[in-house]
Amino acid sequence: MRQPSLLVAVLALFSAGASAETVQLAVAANFAGPVKRIVADFEQSTGHKAVVSTGATGKFYAQIVNGAPFEVLLSADDETPARLEREGRAQSGTRFTYAVGRLALWSPNAGVVDGEGAVLKTGDFRRLALANPKVAPYGQAAVETMKAQGTHERLSPRFVLGENIAQTHQFVASGNAELGFVALSQVTRDGKVAEGSAWIVPASMHAPIRQDAAVLLRGKDNPAAAAFLAFLRSDKARAVIRGFGYDLP
Amino acid sequence: MPFSDADLAAVGLTLRLAGLTTLLLLLAGTPLAWWLARTRSPLKGAVGAIVALPLVLPPTVIGFYLLVALGPNGPLGQLTTALGLGTLPFTFSGLVVASVLYSLPFVVQPLTNAFAAIPERLLEAAATLRAGPLDTFFHVAVPLARPGFLSAMVLGFAHTVGEFGVVLMIGGNIPGQTRVVSVQIYDHVEALEYAQAHWLAGGMLVFAFLVLLALYTINPPGRRGL
């Protein structure tokens with residue numbers, strides 16, 4: 001009786017070892033906070049491991065085209081994953097919107113930003129940080145918001161542009177720019193703005209920031225890649241995503 | 001025309017930044033290099049190490065500390081605000097300050113080596129002929145250290161042109177103010193404008209090669225100064 005149970009134990013150990021894979025994720029800078037929590041839950045519940053690189057989506061695109069070892073892309077937009085799929089660099093049928101980004105005008109100091117964004121019309125500030133609209137969806141949304149508000153032309157001499165939304169946040173958090181358009185996810189903890197003052201820009205003021213994910217060619221045969229995307233759709237992950245201030249499709 | 005107006009503006013800005021940085025570094029670096037080459041002070045080692053720091057520190061360290069120190073809550077930021085200058089990040093002046101720090105060893109080290117290679121007896125001979133210290137410096141030391149000055153100018157200029165990480169962190173990517181060529185190239189790559197990126201990147205490569213070729217032709221490696 002003893003021997004078979006030992007065998008079962010050894011086999012179980014072995015198969016657990018064989019099925020636990022590592023997946024390489026390329027993650028948009030604005031999703032750095034939530035992905036950390038999601039990866040911890042993912043590793044705990046599936047036994048797989050996930051290695052996260054965060055950065056600008058355009059940079060990831062160039063790296064993926066040139067053979068970077070990423071297996072899953074969590075993009076800051078919906079265009080890049082679509083393009084990768086068209087070019088045969090992402091596995092077709094795996095693309096989906098994992099989060100819809102929300103924009104916030106934020107200052108680390110209380111009382112600087114009002115709840116209507118009127119500070120942009122009247123405010124006396126020297127610098128307004130936003131992500132480079134040429135390359136970053138959150139920057140584009142910020143420009144659309146100011147155009148909708150009629151403040152874009154007046155404010156553009158005060159722009160300082162972050163390379164991505166993480167750097168934009170850093171410009172504001174360090175006080176070098178008095179306020180800036182950041183991702184709501186960067187300043188939200190457990191469903192509310194954690195510090196300072198913010199205007200949560202109504203979603204109607206800019207085109208929706210759809211953030212799509214896809215399995216890349218390198219991850220085609222990695223079960224952990226598919227498992228991660230499945231986990232990203234789970235209720236548990238969705239609750240984390242919502243808690244960081246994203247909308248869900 | 002492969003270069004857009006924005007590209008040309010970035011090129012102009014980069015040349016202005018590198019030129020001004022080199023000039024300031026020559027003014028500040030020459031006395032510093034002279035002191036380092038001639039002093040017997042116990043501080044020599046420490047000062048030499050501080051000058052060499054930008055060689056080994058990643059630009060992210062320099063950029064991060066400058067952003068914090070020059071910002072409104074940093075000690076230098078409070079100083080510049082008190083002087084009525086405002087804060088320096090996101091301005092051309094801020095980039096000049098950062099570049100002077102970042103390129104410091106590339107100017108000071110060739111000059112120090114060149115000054116150290118001047119035989120003591122030549123300076124003593126000048127002194128016995130009643131040349132004052134300044135006279136000796138300008139009419140004996142500087143001509144003898146000419147290869148060092150050439151290396152210092154070329155390397156200081158070229159290294160500033162090649163700066164990226166520090167500018168990215170404290171520049172804020174403002175056209176005509178802080179958007180230098182290296183940042184413009186990065187933007188093109190990010191925006192998937194690879195053709196424009198190639199023109200600027202290729203231009204940088206050719207520029208860097210020609211500058212070093214000129215330097216090594218006039219001033220072959222291994223000779224004093226480099």
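**Note on the predicted two-chain model**

1. Leaving aside neighbours within four places in sequence, A:Val160 is in contact with A:Arg127, A:Leu128, A:Ala129, A:Leu130, A:Phe171, A:Ala177, B:Phe90, B:Gly172 and B:Ile174, where contact means heavy atoms within 4.5 Å. A:Val160 lies in strand S7 (residues 159-162) of chain A, and A:Val160 is buried, with a relative accessible area of 0%. Buried means under 20% relative accessible area, exposed over 50%, and partly exposed in between, with a 1.4 Å probe and protein chains only. The C-alpha atoms of A:Val160 and A:Gly219, which are 59 residues apart along the chain, are separated by 37 Å.

2. Some conventions should be kept in mind while reading. This is a predicted model, in which local features need pLDDT of at least 70 and side-chain atom pairs count only at pLDDT 80 or more, while totals for chains, interfaces and linings use all residues. Residues are numbered from 1 along each chain as its sequence is written, chains are lettered from A and ligands numbered from 1 in the order in which they are written, and side-chain values use heavy atoms, with hydrogens and water left out.

3. Chain A is divided into domain 1 (2-100 + 209-243) and domain 2 (103-200), with bounds that come from an automatic or database domain assignment. The centres of these domains of chain A, taken over C-alpha atoms, are separated by 30 Å, and their contact takes 9 residues from domain 1 and 13 residues from domain 2.

4. Chain B has 11 helices and 0 strands; helices (H or I, at least four residues) and strands (E, at least two) are DSSP runs, numbered from the N terminus. Of the 226 residues in chain B, 44% are buried. The C-alpha atoms of chain B fill a box of roughly 65 × 45 × 25 Å along the principal axes. Among contacts in chain B between residues at least 6 apart in sequence, 72% join residues at least 24 apart.

5. How do helix H1 (residues 5-38) and helix H10 (residues 181-190) of chain B cross? Their axes, which are lines fitted to C-alpha atoms over the stretch in contact, come within 8 Å and cross at roughly 150 degrees, and H1(B) and H10(B) are therefore roughly antiparallel to each other. Angles run from 0 to 180 degrees between N-to-C directions; those under 35 degrees count as roughly parallel, over 145 as roughly antiparallel, 65 to 115 as roughly perpendicular and the rest as oblique. The contact is made by B:Ala6, B:Asp7, B:Ala10, B:Val11 and B:Thr14 of H1(B) together with B:Val181, B:Gln184 and B:His188 of H10(B).

6. H10(B) also packs against helix H3 (residues 57-65) of chain A, at an angle of about 75 degrees and with the axes 8 Å apart, so H3(A) and H10(B) are roughly perpendicular to each other. Here A:Gly58, A:Lys59 and A:Ala62 in H3(A) meet B:Tyr186, B:Val189 and B:Glu190 in H10(B).

7. Two residues deserve a check of their backbone angles. Most residues other than glycine have a negative phi. B:Phe90, however, has a positive phi of about 70 degrees although it is not a glycine; B:Phe90 sits in the loop between helix H4 (75-82) and helix H5 (92-116) of chain B, and counts as buried at 1% relative accessibility. B:Arg130, also not a glycine, has a positive phi near 70 degrees and is found in the loop between helix H6 (120-128) and helix H7 (133-144) of chain B, but B:Arg130 counts as exposed at 78% relative accessibility.
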